[in-house]
Every structure is written in C-alpha cells, then in structure tokens.
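Thanks for taking a look at this one with me.

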Amino acid sequence: MADIKTDLLVIGAGSGGLSVAAGASQMGADVTLLEGHKMGGDCLNFGCVPSKALLAAGHAAHAMSAGAAMGITPVAAEVDYSAAKDHVMGVINQIAPVDSQERFESFGVRVIREYGRFIAPRTVQAGEHTITARRIVISTGSSPLVPPIKGLSDVPFYTNETLFDLREKPEHLIIIGGGPIGLEMAQAHVRLGCKVTVIEGARALGKDDPELATIALDNLRAEGIEILEDAPAEAITGTAGAITVQTPKGAVEGTHLLVAVGRKANIDSLDLDKAGIAYTPKGVTVDASMRTTDKKVFAIGDVAGGLQFTHVAGYHAGLIIRQALFGLPAKEVTAHIPWATYTDPEMAQVGLTEEQARQIHGDALEVARFEYSHNDRAIAIRQTRGLIKVMVVKGRPVGASIVGHQAGELIATWSLAIANKIKMSGVSAMVAPYPTIAELNKRAAGAYFSPKLFDNLRVKKVVRLVQRFLP
C-alpha cells in the first residue's frame, strides 16, 4: 500500500483530464492521473475518432456512385466491412500515442492505471494507492445509456463502446435513437451497404432547428435510411441475426441492434458520498466555476452534467488550470460553445436557435439567412443543399444554425464572433478567398445588411444627393 500526496489529482484520462494533467504538470505542479480503462477515454476509443473514421469510409464508398452529375459513371462500391473497421482501428492507433501513458509520464505526470474512489474528503483509493490531494479534478466522462426497454437485456445489442469491434457487416441494422450518434452511424452503415432503420421516440435531431433538421433528414431518407419518428421502442425479442423491435407504428425486424439513446455520467463507482460531494442522476453538481460542493474538488466534461462534447471538456480544462494553478477566478460560459453532427449534409449550431432567440428576445430578433445554392463553390462541387441562419440582436449574433457541406467548419466563425462580441459588421468586413464555402459566412452577414441598405429610401436619397455634388 502506497501513500501519495500530490498537488493535483485527476480522475479519468479522457480529453478533459488529459488536458488538465498536461498543462498542470508542464507548469510545475505535482500531478497524479488515474485511469482504470483506456487512455484517451471515450472520444479516442469509442466516440469521436472511430465514428468519424467510419463515416469517412462510408463517404468513400458513396462517392463511387455519386458522380453522375459531373460526368462520372456511377459504379457499385465493393465494401469490405472488416477492412473498413481495420481503417477505424488504424486511425485510433495513429492518434493513441498522443494520449499515451508514456507521453504523460514524460511530462512528469504520475500515471496510475487504476480506477479511483473516494474514501474521505480529498482522499482517493486507487488499487494499492491511497492518494491525498490539495485539489482534485473529476473527469470520468460518460457511457452509453441503456434504456429499460422490455426484453432488451435478453437480446444481443451494440452501443458505441462495442460497435467498432463488430467485423461482420450487418444485413439490416436497427438503431434505437435518432440523435447525432444514431444518425451518423445510420448513414455510415447504409453507405457501406447495409439496410438501416432508425427508431426514434420523439423527433429525430430534436435538439436542432426543425427547418434545418428537415433538410438533413430528407437527405438521409433519400439515401435509403428508414427513420421512424414518434415511435418509441416498446419491446424487443429475438436472437443474434433475427431481432424484432415493437413500436406503436409496427414491428421492425433486423439482424443487428444498436442502442444510441444518450449518455449517462460515470459516477457510480466514485463513492462521492464519502467525500460529501453532491450529485444527481445527470452528474456531479457543480457551480459556474466547475467546483463541486467541496470547493477544492472540480468536475469537468460529461460527468459535470452539462454539454457532452469533447471540446467542452477541453474548455473546462482551461478553467481548471486558471483556478487550481494560479488561484484566478474563472467561470463557464456556454453561449459560444458550438456543436456539429457529421452526417451528410452536416449540421452545426452555436448559441441560440431561432426558436430560443424568439422566446428570449421577441421582436428585437432579426434573422439573416443565406442559401448554399447561391454559393459558387457549392455549385461547382454540387453541394447546394443547405442553409445558414444567423440570429441577430442589436447588430450582434446571438446564435447561428447551419446545415450543409462543411457546416462544422463554418460554425467556428460564429463561435468566434459570439465569444468576442463581434458585430455583424465585423463579420461582413472579413475577406474570404473566392470561391470557398467560407464565403457563406460573409454572405450571411451581408444578408443582414442588404435590406437596410438596398431597401432603404433614406439611403437612396443620400446617394442621389451625393451623386449631384460628387466631382
């Protein structure tokens, strides 16, 4: 049994925990990092990285049949599903050294490959180690939520933690959950030659702007994905290769089942009660500074019960470095936090949706819109299906919603604008290279000013007057 005293104890080596550990150790703090499973956490091993890699394989297969409009004869892709999964694992393995134990030990971090649990305030047991820390960061992330559907426990099913180990191509993949994870995997698999049915209890892409979600969903359906909305799964029966899901809209029969209905915070094994740390089913209770009810213990990322994105965990890490290392104040602000869904077309959001902005700002809200079909680069590459909407109050963007090619890249401009309180005039003043998809942001800002300039009688009178006297 080893007793360890440390400046900073980080529980969990996902994206947030690794960012804290790397930054703190390289700035001189004594840092101990606990991880009982895989370094890199969910994002590297089961989430963002493998899902985008599989989507890339699906995109490559789809491209072989999508060039008719450009004079390219469509051909049927010959898909080796197992080899596609090899590609996924290759991507993970290429990135893994960045998150490895060896790399973090080279920074001076004490890495212990054990799960941690509290045995007292600011004291944690990890295997044979008892660790007492001046500050503790809980960054244990989240895991797939498995809903209490009748019969689910009696049939074989996959989650994002097990799907990427599957090597035989599903003949008919049933996906329960019409959110980003479910629909990304639906499109990847239909493009790789599977039949796919998505079952959603409410509205698919329900957290996104309905107008924009419809554009994305129409494209997914056009590719052959069956999407059942307002159809909660009521019961599941069957065996491997023959699974039936009962819904109010009838039975769905398939060969494989993926459950993608959401995430739950990883708090069950932490023994938070022994540390006097409050929590709810959503996660550890934190204030705006990410402090728990023990002010020397922080919780960040998914386990804190807020927005569940890798980049949010990284953002939280910066807040912790500021407070735990330098004693400076820092509070979470979420207005500039973007998110993206990597279907084709992509969807992205930052700040308020139109509906949210109308509820808050009422008649003060103005909405600038610009269609992809008016962007020359989108026309050139035949990616004209899409729309950008910017919610503006008193000349400043308070939200942006995008559906279309590279939406996840475009949204970064609006995150920058909201974070730095840049006005629409500032966005319209930028110069984007021609022809690029990036011009859409400038044109959207221009669309905000167009009616104020071109439909304004006062402006027209001033211009006519100036023209009379301008030499």
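1. Let us start with a histidine. Please keep in mind that this is a predicted model. The side chain of His-316 makes a polar contact with the side chain of Glu-332, at 2.8 Å. You will find His-316 in helix α8, which covers residues 310-326. Is His-316 buried or exposed? With a relative accessible area of 3%, His-316 is buried, because buried here means under 20%.

2. Next, the surroundings of that histidine. Leaving out residues up to four places away in sequence, His-316 touches Met-290, Ile-300, Gly-301 and Glu-332.

3. Now turn to the surface. Met-27, Phe-326 and Leu-328 form a nonpolar patch there, and together they have about 300 Å² of accessible area. Leu-328 sits in the loop between α8 and β19, the latter being residues 338-341. Its relative accessibility is 38%, so Leu-328 counts as partly exposed.

4. On to the interior. In soluble globular proteins, nonpolar side chains tend to be buried together. Here the largest nonpolar core has 48 residues, and Leu-33, Phe-118 and Ile-138 have the most contacts inside it. Among the elements that each supply at least two residues of this core are β1 (2-11), α1 (15-26), β6 (129-138) and α8. Another core, of 39 residues, lies apart from it and includes Leu-163, Val-190, Val-196 and Val-198.

5. Which residues does Phe-118 contact, leaving aside its neighbours within four places in sequence? Among them are Ile-11, Val-124, Ile-136, Ile-138, Leu-270, Leu-272, Ala-275, Ile-277 and Val-297. The list also includes Thr-123, Asp-271 and Lys-274.

6. Two residues from that list return in a salt bridge. The side chains of Asp-271 and Lys-274 meet at 3.8 Å, N to O. Asp-271 counts as partly exposed, at 28% relative accessibility, and Lys-274 counts as partly exposed at 47%. Elsewhere, salt bridges with shared partners join Asp-209, Glu-211, Glu-354, Arg-358, Arg-369 and Lys-389 into one network.

7. How many salt bridges does the structure hold? There are 16. One of them pairs Asp-86 with Arg-167, with the closest N and O atoms 2.3 Å apart. This pair links distant parts of the chain, 81 residues apart: Asp-86 belongs to helix α4 (residues 81-95), while Arg-167 is in the loop between β7 (142-144) and β8 (172-176). Asp-86 is partly exposed, with a relative accessible area of 45%, and Arg-167 is partly exposed at 33% relative accessibility.

8. Another salt bridge to find joins the side chains of Arg-221 and Glu-229, at 3.1 Å from N to O. Arg-221 has 33% relative accessibility and so counts as partly exposed.

9. Finally, a glutamine. Gln-101 lies in helix α5, residues 101-106. Why does Gln-101 count as buried? Its relative accessibility is 18%, and buried means under 20%, so Gln-101 falls in that class. Not counting residues up to four places away in sequence, Gln-101 touches Met-39, Val-111 and Arg-113.

How values were computed. Residues are numbered from 1 along each chain as its sequence is written. This is a predicted model: local features need pLDDT of at least 70, side-chain atom pairs count only at pLDDT 80 or more; totals for chains, interfaces and linings use all residues. Side-chain values use heavy atoms; hydrogens and water are left out. Helices (H or I, at least four residues) and strands (E, at least two) are DSSP runs, numbered from the N terminus. Buried means under 20% relative accessible area, exposed over 50%, partly exposed in between (1.4 Å probe, protein chains only). Contact means heavy atoms within 4.5 Å. A polar contact is a pair of N or O atoms within 3.5 Å; within protein, one must be able to donate a hydrogen and the other to accept it, and residues adjacent in sequence count only if both atoms are side-chain atoms. Patches are made of residues with over 30% relative accessible area and no salt bridge: like charges are joined within 9 Å, nonpolar side chains (Val, Leu, Ile, Met, Phe, Trp, Tyr) within 5 Å. Accessible areas come from the Shrake-Rupley method with a 1.4 Å probe; for residues, only the protein chains shown count as cover. A salt bridge is a side-chain nitrogen of Lys or Arg within 4 Å of a carboxyl oxygen of Asp or Glu. A nonpolar core is a set of buried Ala, Val, Leu, Ile, Met, Phe, Trp, Tyr and Cys residues joined through side-chain atoms within 4.5 Å.
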